[in-house]
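Subject: A structure for you to look through

Hi there,

Here is the structure I promised you, together with some notes on what turned up in it. Please open it beside this email and follow along.

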Amino acid sequence: MIHTARFGAELKKRGFTFYSGVPCSFLKDLINYAINECEYVMAANEGDAVAIAAGSCLGGRRSVVLMQNSGLTNATSPLASLLHPFRIPLLGFVSLRGEPGLADEPQHELMGRITGQMLTLMEIKWEYLSTDWEEAVSQLNRAVQCMDRNESFFFIVRKGTFDRVALREQESQPLANHLLQRKSRPDQFPTRYEALQTVNALKDSQTIQLATTGKTGRELYEIEDAPHNLYMIGSMGCVSSLGLGLALTRREKAVIAIDGDGALLMRLGSLATNGFYRPPNLLHVLLDNNVHDSTGGQQTVSHNVQFVEAAAACGYPRAIYVHDLQELASCIEDWKKQKQLTFLYLKIARGSRKELGRPKIKPYEVKERLQVFVDDQSGGHFSGGQGEQDDGADQGPSEGEFGGR
Ligand SMILES: Cc1ncc(C[n+]2csc(CCOP(=O)(O)OP(=O)(O)O)c2C)c(N)n1
């Protein structure tokens, strides 16, 4: 067995202080350690966890993602189409439920046989984590070497690998009040392009813009290709999770995640994660055209989804139905003043320009220049330079409180 706290300390020594994941009993003790001693974001699903950890990595942290092997299938989209193209290196721990030869539940049987193959198939380097201390530490060193080449590395963790760590009491901070403005007059339907132009025109020196999969990224690229932009080409539904990880890690930056209705519906649980952590420097903008416009305009099921109410119900302190471009602009300005996690909902028209291009820049180049932008401290601070929030009421966790829930 590995001494979990000692192993956690080895991880910390190598810079791993940010964790995200979904619990598994085989990983419980390492997760408990992370919750007790580090920063741990409880993701709604394993794909979100990958994206959250990736966001933190973009923010300059070495990040860890933890999941049961059954959740590896949930995570394949961001593993294959976020980590790989952007060359974002994560350290992964995936449990081995259903290990051949050991009695386990039938639902783990297949995954127990194919966990390693799945990682290999996704071109992710991996090893079974040894229970021998010296060997485990040298495995960790190999993992770090791999990550230094911008490649992820996963440990497959067998039953009984980690010794017991008790979970300290986790506090949660109930939200005092929401600002929920209801739709009050007929909709106006600007185009996606116009909405993106409005958002882009209001950016300042600390703004980062993350655009969801499909035409949102392509249009933003066309409006302005800049180091503070990221076009999420794959990992549909992960844009606000990427934003959450980045916003929590770089509280001095203003992170805008621009979502689509199809994408948000794919990972609606991310609203709850965002609402729980509610970083004040995250703005989540949903452009709802009721269709998968990027893949030919097939309907989504967003028509009767009350996204504003859902965001508010998930803990967003501000969730606002925006009716037109002017309101969109003034709500963005308000967010900069109010400094609270905000959800803006805007109905947009379907369609886009016929000759819409695609980003010519490679995803990993987008990442590299974004990381340079993120590290540039000359642009001022969204939160006044301290990573602090500006009033006593209705706050999300501060940096100091972050790991204590
Ligand atoms: C997991 C996954 N499934 C499907 C796709 C293909 N895909 C790319 S963009 C897109 C539509 C996105 O719809 P929405 O978020 O509503 O944005 P819109 O295209 O309408 O702007 C789809 C289905 C994908 N990238 N990833």
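Predicted model: local features only at pLDDT ≥ 70, side-chain atom pairs only at ≥ 80, totals over all residues.

In which hand does H1 pass H2 in their crossing? H1 passes H2 in a right-handed crossing; a crossing is right-handed if the near helix is turned clockwise from the far one by less than a right angle, and left-handed if anticlockwise.

Residues are numbered from 1 along each chain as its sequence is written. The helices (H or I, at least four residues) and strands (E, at least two) are DSSP runs, numbered from the N terminus.

**The helix pair**

Two packed helices are described by the angle between their axes and the distance between the axes. Helix H1 (residues 4–13) and helix H2 (residues 28–37) pack at an angle of about 60 degrees, and their axes are 10 Å apart. That makes H1 oblique to H2. For these words, angles under 35 degrees count as roughly parallel, over 145 as roughly antiparallel, 65 to 115 as roughly perpendicular and the rest as oblique. The axes are lines fitted to C-alpha atoms, for helices over the stretch in contact, with angles from 0 to 180 degrees between N-to-C directions.

On the H1 side, Thr4, Ala5 and Gly8 meet Asp29, Leu30, Tyr33 and Glu37 of H2. Two residues are in contact if their C-beta atoms, placed from the backbone, lie within 7 Å. By class, the contact of H1 with H2 has 3 nonpolar, 2 polar and 2 charged residues. Here Ala, Val, Leu, Ile, Met, Phe, Trp, Tyr, Cys and Pro count as nonpolar, Asp, Glu, Lys and Arg as charged, and the others, Gly among them, as polar.

**An open sheet**

Next, find the 6 strands that form an open sheet with parallel pairing, in the order S2-S1-S3-S4-S6-S5. S2 and strand S5 (125–128) stand at the edges with a single partner strand each, so one side of each has no neighbour in the sheet. Neighbouring strands of this sheet are turned by 20 degrees against each other on average, direction ignored.

Two strands pair if DSSP finds at least two bridges between them. Strand S4 (residues 91–95) and strand S6 (residues 153–157) pair in the parallel sense over 5 bridges, and Val94 stands opposite Ile156 in S6. Helix H5 (residues 109–121) lies across S4, S5 and S6, running at about 175 degrees to S6.

Arg62 lies in strand S3 (residues 62–67). Arg62 and Phe16 are 46 residues apart in sequence, yet 4.9 Å apart in space, C-alpha to C-alpha.

**Covered strands**

A residue is buried if 20 or more other C-beta atoms lie within 10 Å of its own, exposed if 12 or fewer, and partly exposed in between. How many residues of S11 are buried? The count is 7 of the 7, so S11 is largely enclosed by the rest of the structure. In a regular strand the side chains alternate between the two faces of the sheet. On one side of S11 are Leu282, His284, Leu286 and Asp288, and on the other are Leu283, Val285 and Leu287.

S11 runs parallel to strand S10 (residues 254–260), joined by 6 bridges, and Ala257 stands opposite His284. S11 also runs parallel to S15, again with 6 bridges, and there His284 stands opposite Phe343. Strand S14 (residues 318–322) has 5 of its 5 residues buried. S14 is joined to S15 by 5 bridges and runs parallel to it, with Val322 opposite Leu346.

**Helix H11 and some backbone angles**

Helix H11 (residues 270–277) is mostly covered, with 6 of its 8 residues buried. Its buried residues pack against several elements, including helix H9 (239–249) and strand S11 (282–288). Just after H11, Arg278 takes a positive phi of about 30 degrees.

Arg87 has a positive phi of about 50 degrees although it is not a glycine, and its place is in the loop between helix H4 (72–86) and S4. Lys339 is not a glycine either, and has a positive phi of about 55 degrees. Is Lys339 buried or exposed? With 20 C-beta neighbours inside 10 Å, Lys339 counts as buried.

Enjoy exploring!
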